[in-house]
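Here's a quick walk through one model, with an eye on its charged pairs and its ligand site. Have a look at the structure first, then read on.

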Amino acid sequence: MKKKKFGTLCVHAGEHPDPAFGAHTTPIYQTSTFVFDNAEQGASRFAGQEEGYTYGRLVPNTPTHSVLVEKMVALEGGEAGHTFSTGMAAITGVALSLLKQGDHLLSTDVVYGCTYGLFTSLLTRFGIEVSFVDTTDLEEVQRNLKKNTRMVFLETPANPTMNVCDIAAITKMAKDFGAVSIVDNTFATSMFQKPLQLGADAVLHSCTKYIGGHADLLGGVLIGSSEFIDNMTPVVNDTGLTMAPYEAWLCIRGLKTLHLRMAKHAVNGMKIAEFLEAHRKISWVRYPGLPSHPQHTIAKQQMSGFGGMLSFGVAGGMEAGRKLMNRVELCSLAVSLGAVDTLIQHPASMTHADIPEEVRIKTGITDDLVRLSVGIEEPEDIIADLDQALEKV
Ligand code: LCS
């Protein structure tokens, strides 16, 4: 049969009537362990000679997890995957499975605050060398690749500055150095960006965001080739970074409408970005779909849509931004992102507060930066809310 389109895969990929009773919807296998037919079967499952489930922490966890992995593999165009308790667990899992003492990790300089924290505070304690590099500058990337560079970590668009880096160019440079490239695709989602097709070895998501879509779960997922995923399995099993069955089920349910939600997030994102850019009280806007975005050309090449995340500065700086956040009524003043409703927050004092001030300022996470996760409400209502709040600033 002809390869199915993205929206059809969101609905159907990985879904099969349940073999036990024919349930149409994937059941939640809320179990920690599985019964073997006999001792020989148990032994051959643990030896990896027979496929099947053994224990909830051990891959493939439960049949609910398998459906989620199959769906995400189809959406990202990979071969296999692992699920995790959070997005940070996915990043921890891949870092621990790839890196050892003496290795070098090259990371995008602008990343989610806890990713920065994990790379600087934890990995360096184990003798791993970490460089944060402006990955929008290819020469800078080339200059910072070293003989011992084992992993290149890209976040694009980056949280919260919305910097976009050239995935195809950087993954090729990394490959030439014998390094493995990992892309955090949380902001763009599989709908708008396909890192594996652009040369990445693995792609990961915080499922907490657009995959779940409703701000009611925590989760992570990582997709790659079968070989890459198999090599990670011992670390995933032994660290217990496991996703819970109910969370896997919520992710499956969320993914069935990913294409509809992302289409609306993107339409709204563009409208709100244009509204803000034209507003007299706004000093700057960063949205990859705006021609004024410094990497708009690359964004157009590697993304098929620009999503629902944007950042901006209010004229009057941090104090004005704070007033805006305190006066919105429809938008929620909350961290996280990718929910059906619009969320507004202040990275310098919230999501990225742990990054040293001089690093924040140097990388553009300035005190006046306000981040908006544009939801799927009607755009006129989001605009009206921002407009009334800006009037009071
Ligand atoms: N990657 C990106 C790009 C993120 O934005 C986040 C969380 C993570 C990974 C980690 O995912 P988690 O462990 O939370 O599932 N970003 C957040 C944010 O901007 N506000 O709150 C969480």
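Let's begin with Lys172, which is exposed because its relative accessibility is 53%. (Buried is under 20% relative accessible area, exposed is over 50%, and partly exposed falls in between, using a 1.4 Å probe and protein chains only.) A word on the ground rules: this is a predicted model, where local features need pLDDT of at least 70 and side-chain atom pairs count only at pLDDT 80 or more, while totals for chains, interfaces and linings use all residues. Residues are numbered from 1 along each chain as its sequence is written, and side-chain values use heavy atoms, with hydrogens and water left out.

Lys172 pairs up with Asp176 in a salt bridge, meaning a side-chain nitrogen of Lys or Arg within 4 Å of a carboxyl oxygen of Asp or Glu. Asp176 is exposed too, at 57%. (Helices are DSSP runs of H or I with at least four residues, strands are E runs of at least two, and both are numbered from the N terminus.)

The whole structure has 11 salt bridges, including these:

| Pair | Closest N to O distance |
|---|---|
| Glu140 and Arg143 | 2.6 Å |
| Asp176 and Lys172 | 3.3 Å |

Glu140 is partly exposed at 25%, whereas Arg143 is exposed at 57%. Over in helix 13, Glu319 and Arg322 are also 3 residues apart, with Glu319 partly exposed at 45% and Arg322 partly exposed at 35%. Elsewhere, salt bridges with shared partners link Glu15, Lys71 and Lys256 into one network.

Now for the ligand. Which residues come closest to it? Of the 18 residues around the ligand, the closest are Met88, Asp184, Ser206, Thr208 and Arg371; a residue counts as near if one of its heavy atoms lies within 4 Å. A polar side-chain atom of Asp184 is 2.6 Å from a ligand nitrogen. An N or O atom in the side chain of Arg371 lies 2.7 Å from a ligand oxygen, and a polar backbone atom of Met88 is 2.9 Å from an oxygen of the ligand.

Finally, His296 lies in helix 12 and is buried, at 13% relative accessibility. Beyond its neighbours within four places in sequence, His296 is in contact (heavy atoms within 4.5 Å) with Pro288, Gly289, Leu290, Pro291 and Phe306.

Conventions: Polar contact = N/O pair within 3.5 Å; in protein donor to acceptor, adjacent residues only side chain to side chain.
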